[in-house]
Protein chains: 2
Amino acid sequence: MTTLKEIAQETGVSICTVSRVLNGKNREVWPGPAQRAERIRKIARKLGYRVNTSARAIRKGSFHSIAFVRHGTTRFSWYPQELLDGLEDEIAHHGYRLAMERLDEQQLTHPRTLPRFLRELSVDGFVVNIVCRMNDSLIKAFANYDRPTVWTNFRYHQDCVFPDDFGAARELVERLCGLGHRRIAYIAFDSMPGKDEEAQSLHYSVEDRPAGYAQAMEAAGLPSRVAIRPHSGQVLRLDYADSALREIAAWKPTAIIAGNLPEAASLRAVARARGISVPDDLAIATFAPDIEALALSAISAMVLPFRQVGKRAADLLFHKLNHREAQSFPPESVACTWRPAASTGDMPGYIQAAEPAETSGQKTLRTP
Amino acid sequence: MTTLKEIAQETGVSICTVSRVLNGKNREVWPGPAQRAERIRKIARKLGYRVNTSARAIRKGSFHSIAFVRHGTTRFSWYPQELLDGLEDEIAHHGYRLAMERLDEQQLTHPRTLPRFLRELSVDGFVVNIVCRMNDSLIKAFANYDRPTVWTNFRYHQDCVFPDDFGAARELVERLCGLGHRRIAYIAFDSMPGKDEEAQSLHYSVEDRPAGYAQAMEAAGLPSRVAIRPHSGQVLRLDYADSALREIAAWKPTAIIAGNLPEAASLRAVARARGISVPDDLAIATFAPDIEALALSAISAMVLPFRQVGKRAADLLFHKLNHREAQSFPPESVACTWRPAASTGDMPGYIQAAEPAETSGQKTLRTP
DNA sequence: TTGTAAGCGTTATCAC
DNA sequence: GTGATAACGCTTACAA
């Protein structure tokens, strides 16, 4: 690795001159020094000089590094690429770097096996992505480390940034009302009935989405109808979708809000199998990150703003870093945006290939 | 932050003694020094001492940090959490850390906007996760940086680690043969017909899986049958699944290998809608990472070993780091493992709720 | 504008 | 087993 020393020797000036020139701390108004500065830069380029960030860090007293902390158990952490994107953009803008760290279950109970990044604390702050509602011990554990911390995709009473799932559910109801829907049901496969221990490991949206739905329906003076199935880790639950749709069929809904995208996909698949056109006969709406690969044109969605969540988390972290007295901030929810279903929900190719509508018989869900 | 100096002052010994004790470089066989060492450790603990990794790095001449490089465009990178897990485990084992970095398209063409980690090169090596087959310029770009580099989930003629998709497809055929299947079709929705420019942006598995299938079928003396649909970014393509199943229905397959999990899920959904029992009437097999959430009990799969891919990538990177003369290594594919469908493929709950089988009419795919 | 010199926190060397 | 001393690469008063 090229050092300032080598460049100094090559150019015949002192080390600190090289440092100053390369950091742009000379005004370079006179021709002589300006020429010399140009020569220094040229040689630095020729030698492929890169500043040694460790040496710089040791002088500046900062690691210029933020840890992104996820849970060792996959389902206890959730972040789309977008969240990392937003985070990285903002962090890079401040000249910092993102270090991926993992926190395993037993590392919290046995401090002997603390992960390296906590043993060494070689970062300036934490962005935590542990989305389950565990007991407060974890949060207190982070409070003990003298580092600014921001929680992402997690709702708590302070220091957190998360998509406004409650507001999104409300807006979904309002949008559907605006489209003329009056009988809007809510279907989810991953809510737990009770407030038992297991429920504590669920993402806040599992509570907030149905709550937002219920509140908005009540505010609109409309009757709510909810069908819940117990959680299962499967990507498609056609059996759940089928039985949930049957459960509310007699109620004749014209729109359904699904708890998440796979659930919406399951519902759509079952609707198709029954010859119900989506969204023409039955609107399906849900919540989804803005990932191209998840595009489901027939399904309306509130788009979860994970890029902004990441960006905002970084903003708040740097604010904490620059104002060490500011110890915590109130919870921040980021608004979701409405993405209506494409009008060509059922693709011509499928319509043509589908079973003749009369064979599926069941039409109870169709609107008059 | 507590430093060695403070501990030295507190205990009344020299800085380097503290350093030695804390690094366990004293044998501590005599009682006197052993007691003193204990006292030093105690005070270090009391003061909350953490080694300054920057200072250590500057002394050791290493950043103790590996960059994980992903592409700024989401679809050009792909890594499950498992890959990161395997990588982190191995990296942490060597006392290194993982820095997340992103490479955007225009940063490659305009060197002015090089990302910080490449401008500063403050890592010891690169683990690259850019899975599209772009032109070689990117690979050459990395070769220019004097850092060991390993490519993951990417097949190339050197310096890469990836799941053995070709072998997995072969094994899928062999396993299905072992179960008595003779008419095995291959269905995929994301292969491009030609070798055009767009195809260069595809993952290697899009080629390797059908190729492995074709080779194994030929080796078994069985006729191949392939149905391909053009790529679309949607999570479910029931229309594709429907038309592809129709296309090969007359051939009367007893098993289908799907190009990936969403495709398998689409096929299963359509099979269900038609009253075809999976896997009893029609076996569906595919390729999938070992993520709990993707469990689809009725579908057989070759499990993609991403944890090992990550681990192996780290292994190879550290080998390169420790033997700087070893400039490159031949491509390494990691074997996948067979995960058969659960026998209770169609859940009783669904069967009960499903349309009566006679209404769907279409039984062409059933085996005699 | 430039050079000298000190110092950041740590580790390695080498006499003791 | 210990401690003085030097060194890692860089930044920055301060004096020239």
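A residue is called buried when its relative accessible area is under 20%, and partly exposed when that value lies between the buried limit and 50%. The views below come from a predicted model.

**View 1. The salt bridge between Asp208(B) and Arg155(B).** The closest N and O atoms of the two side chains are 2.7 Å apart. Because Asp208(B) belongs to helix 10 (residues 205-219) of chain B and Arg155(B) to the loop between strand 4 (149-152) and strand 5 (160-163), the pair ties together parts that are 53 residues apart in sequence. Asp208(B), with a relative accessible area of 8%, is buried, whereas Arg155(B), at 32%, is partly exposed.

**View 2. The salt bridge between Arg312(A) and Glu332(A).** Here the closest N and O atoms are 2.8 Å apart, and the pair links helix 13 (residues 306-322) of chain A, which holds Arg312(A), to strand 11 (residues 332-334) of chain A, which holds Glu332(A), across 20 residues. Arg312(A) is partly exposed at 30% relative accessible area, and Glu332(A) is partly exposed at 22%.

**View 3. Helix 12 of chain A, residues 261-273.** Eleven of the 13 residues of helix 12 are buried, so the helix is largely enclosed by the rest of the structure; among the buried residues are Leu261(A), Leu267(A) and Arg272(A). At the start of helix 12, a side-chain oxygen of Asn260(A) reaches to within 3.0 Å of the backbone nitrogen of Glu263(A), and just after the helix Gly275(A) takes a positive phi of about 80 degrees.

Note on methods: Residues numbered from 1 in each chain as written. Chains lettered and ligands numbered in written order. Predicted model: local features only at pLDDT ≥ 70, side-chain atom pairs only at ≥ 80, totals over all residues. Heavy atoms only, no water. Helix = DSSP H or I, 4+ residues; strand = E, 2+ residues; numbered from the N terminus. Expected span 1.5 Å × (residues − 1). Buried < 20%, exposed > 50% of the residue type's maximum accessible area, 1.4 Å probe, protein only. Polar contact = N/O pair within 3.5 Å; in protein donor to acceptor, adjacent residues only side chain to side chain. Salt bridge = Lys/Arg side-chain N within 4 Å of Asp/Glu carboxyl O.
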